[in-house]
Amino acid sequence: MIAAHLPALQVVVPLILAPACMLVRLRDAAWGVALAASWASLAIAWLLLQQVLASGPISYHLGNWAPPIGIEYRVDELSAFVLLIVSGIGAVVMPFARESVRAEFGTRRVYMFYTCYLLCLTGLLGIAITGDAFNLFVFLEISSLSSYVLIAMGRNRRALTASYQYLVMGTIGATFYVIGIGLLYAETGTLNMADLASRIAEQPGSRSIGVAFGFIVIGLSLKLALFPLHLWLPNAYTYAPSMVSAFLAATATKVALYALLRMVYTVFESDLTLGLVPMYAMFLGLALFAMFAASTVAIFQNNLKRMLAYSSVAQIGYMILGLSYINVTGLTATIVHMFNHAMIKGGMFLALGCCMYRLGSVHIRDLAGLGRTMPLTAAALVAGGLGLIGVPLTAGFISKWYLVLGAIERGWWPVAVLIMLSSLLAVAYVWRMVEAMYFTPPPETVPEGMDTRLSMLIPTWVLIGASLYFGVQTELTVGVARDAATALLGMPR
Amino acid sequence: MSPELALAFSIGIPLIGTLFIALNAQYPNLREAVTLLTASCLFLTVLSLLPQVSAGDRPSLVMLEMMPGLPLALKAEPLGMLFALVASGLWIVTSIYSIGYMRGHGEQNQTRFYVCFAVALSSTMGICFAGNMLTLFVFYEALTLSTYPLVTHHGDDESRRAGRVYLGILISTSIGFLLLATLWTWVIAGTLDFTPGGILAGKADGPVIGLLLFLYMFGIGKAALMPIHRWLPAAMVAPTPVSALLHAVAVVKAGVFTVVKVIVYIFGTDTLANMTQDDWLSWVAAFTLVTASIIAMTKDNLKTRLAYSTVSQLSYIILGASLATGLGIVGSGMHIAMHAFGKITLFFCAGAIMVAAHRTEISQMDGLGRIMPFTFFAFLIGSLSVIGLPPLGGAWSKWYLMLGAAEADKIVFVVILMISSLLNVAYLLPVVARGFFARARPDAHGAEGHAHAPASAGAAATPGEHRGHAEGGIHEAPACCLIAMAVTSAGCVLLFFYAERIVDLLAPIAGIR
């Protein structure tokens, strides 16, 4: 009975519990509610994935209204995988949040923070699960509005400008998306994705559908911070509270990317061959730019959160690059990297959260001698950094392997070489951090004691450990990603 | 122990060792005992595989499936067997040496040193027994990363700079070229398993093979082919035991071992022999071996000179493999072992001189041989073996390398090999000559001639014993160092008489007899 309603529960649980946080008000109680919601979401996502793997895509009709009139929740392998990423990250960062939020907020209105967090989680999960293009917009706005608030809660006052910047850019993105959807609705009279796909296929070469496509792609590119539309991201990640940086870096852009995949492959799929191919050339070019430009900028950052933010822009470049190959291997790389990068970057941002908690700073100067003062945190940063480079036995290697493999299969030699070269830029910025942590003596002012609280170290190492585990055990990640990619490209298994 | 288990243990034992080394950080004696015990267990484990491999068995083990169709797999074959024996055997000796050196030198962070050392050995074993190119690549990178803390052990600006060069060159070549070549091979051949006869044989044509060969050869930065050899001299800032075992044996030999493996099992010697433009690799190797020898002559710092000598000797191995003849392959494989014993002896001596006399420059070593006769005698034996004179092991490997060149009808390389041997004489023997025959400079130390028997040269100088006060307190190196040197120089001699065994072991892969 319950199992049949899992798709609805996935969204409803955090949505209902968000106001509950508001009502209880007490700091720890609100945290408890948020924790319960996050873990319940993870359990649901896991069950959904098992269901999908066992018996194929699930179609859930909200309120029993049949699509295309009613809203359909549609869970296939790709969306189940993204649900798992989002809820998994949420479940891991929540235990971390308790101490971190207490330290960075004091006592003022902490329950508001957890409310916003749960709303954001709701939005992100909703985007991944819905099969309705307009419903997707609604969830996009829920997640965006709540993340503006979350970012604005950062301790540094610059968080306000960062949030405002994101608000402006994010709104433009959402507006573009909704314009695109409006055009599609005018043209086809439907909002259900599957229905849209079949009706778009009936009118090949329609100019308004082409325009709608353009609006949607640009709108979503803004949300996923595709170079050069990434300008909101570095500030937002830098000044947001530690736990928010970790959560958003690991999930928000991935979910936007998911929406893009959904739109490009499920909705517009049939137009792939009809004059839209240059779009892939655009993706290819921008991805390469992102990989090199953002990595180069990352090398010169002294604030490590900002460095990781720029690194994220570069890593998004990798994901978009895989998308541009139009082959199964490339798309597999994209989807695998969504997962792997979420683990790596989430873990690293949490590690920086530990530094923030203990040292009150994430400036590279203040992390001097971290290898001695906070050995476990420093080791987490190194292990994560190796993942960003793509050293074997880390998850990053798996992503890079498929990414290069896809390029070779496509016959794009220069691209394969460029991927390797851009990895070397990652070596440069990761090693700057390593040298600061291990080769400079720690300042005298560091408080005594070993590392930091266990409640913060364990989540950090769970994510870093996952990034190492999925570097050798790829049955889940590559297996699901390959199936999802095959399904997206509409090829027989 | 079943051979499969032995394979798994050869990777696992050093890793288990690290745990106990770390646990005993507070008790140096216990910690060193653990290192020795680990090294001995590892050697015995590897040794237990030898009978099967000699008999023609190829025990293999799949550790886990990393990606669909691409497992992390181990497989024992003759070449890897030889390398594993050399590396694990010399680890025991080096551990003994380290005890004397690290304590005599008062080094910091000794626990980290021993831990990283054990991890590096585990990675080396992984390289030795890798069953496919992916496994080899994984352990290759693990070796690079685990030796980085050893190279930068002192943690000062100099070692930080050297670490950058070390990591920069090794990581960029392996990610930039080697990984690309591996992926390309996977796309072409559909497998990465090391297969006798080569997996690329008949699957790719001339230009592709040529390009792949280029990517592999310059991707394997550890083989130190010019112009990517710079990391090796840079790595000399490390404590001497690291230079000795890792940068004369494990790391660099892992490089050339990979080269030989790639040529034998990925390309196949026939594929290369039939290639029209395959000469370039031999020429690059020949260029490297002559040029590095000449550079070595200009270096006054003993360890740097030895580093360039290593660069040159590594190219012997690459040259032998690039000839793609049976005898050349045997020569290459043999030289991995022979050069290992010779060069590790030389580094042990360099370290002993550093510990006992605090001298690093050759020009300061005038007359030192009369104070440290044992050390300088060991240096002489090591030099002669590296030069390739009988009755020392190096003679055989050079003999087979020249036979290989002759077999390939490339007499010019025979000549180059001979010239290079002369150059070896020119840069190695002056050190010994200075030590024994040159008159000590007055500013360096006073009257000489108070040589002590090696046996009495205990670690921190038993104070009551009579020593010449005019020596400035210089005396023989710590006993542990001397034992290590004695073992390796004896090894150089023994290898001359037992070289036949190595030929027998390698014969199947070289297709001779």
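Predicted model: local features only at pLDDT ≥ 70, side-chain atom pairs only at ≥ 80, totals over all residues.
Residues are numbered from 1 along each chain as its sequence is written, while chains are lettered from A and ligands numbered from 1 in the order in which they are written.

**Exercise 1. Work out how α4 and α5 of chain A pack.**

Start with the elements: helices (H or I, at least four residues) and strands (E, at least two) are DSSP runs, numbered from the N terminus. Helix α4 of chain A covers residues 110–129 and helix α5 of chain A covers residues 133–152. Next, take the geometry: their axes are 8 Å apart and the angle is about 150°. Axes here are lines fitted to C-alpha atoms, for helices over the stretch in contact, and angles run from 0 to 180 degrees between N-to-C directions. That makes α4(A) roughly antiparallel to α5(A), since angles under 35 degrees count as roughly parallel, over 145 as roughly antiparallel, 65 to 115 as roughly perpendicular and the rest as oblique.

Now look at the residues that meet, with contact meaning C-beta atoms, placed from the backbone, within 7 Å. Among them are A:Cys116 and A:Leu124 from α4(A), and A:Phe139 and A:Val149 from α5(A). By class, this contact of α4(A) with α5(A) has 12 nonpolar, 6 polar and no charged residues. (Ala, Val, Leu, Ile, Met, Phe, Trp, Tyr, Cys and Pro count as nonpolar, Asp, Glu, Lys and Arg as charged, and the others, Gly among them, as polar.)

**Exercise 2. Describe the side of chain B that touches chain A.**

First, count: chain B gives 20 residues to the contact and chain A gives 22 residues. Then find the elements: β1 (60–67), α5 (133–151) and α6 (157–189) of chain B each supply at least two residues of chain B's side. The largest share, 11 residues, comes from α6(B). By class, chain B's side has 15 nonpolar, 3 polar and 2 charged residues.

Strand β1(B) also pairs with β2(B) (residues 70–75) in the antiparallel sense over 6 bridges; strands pair if DSSP finds at least two bridges between them. The two form a hairpin with 2 residues between them, and B:Gly69 in the turn has a positive phi of about 80°.

**Exercise 3. Find backbone features in the loops of chain A.**

Most residues other than glycine have a negative phi, and most peptide bonds are trans. A:Arg25 has a positive phi, near 65°, and lies in the loop between α1 (6–24) and α2 (27–55). A:Ala225 also has a positive phi, of about 65°, in the loop between α8 (207–223) and α9 (232–239).

Are these two residues buried or exposed? With 12 C-beta neighbours inside 10 Å, A:Arg25 counts as exposed, whereas A:Ala225 is buried, with 28 other C-beta atoms within 10 Å. (Buried means 20 or more other C-beta atoms within 10 Å of the residue's own, exposed 12 or fewer, and partly exposed in between; C-beta atoms are placed from the backbone.)

Finally, the peptide bond from A:Pro67 to A:Pro68 is cis, with omega near 5°.

Note on methods. Contact = placed C-beta atoms within 7 Å.
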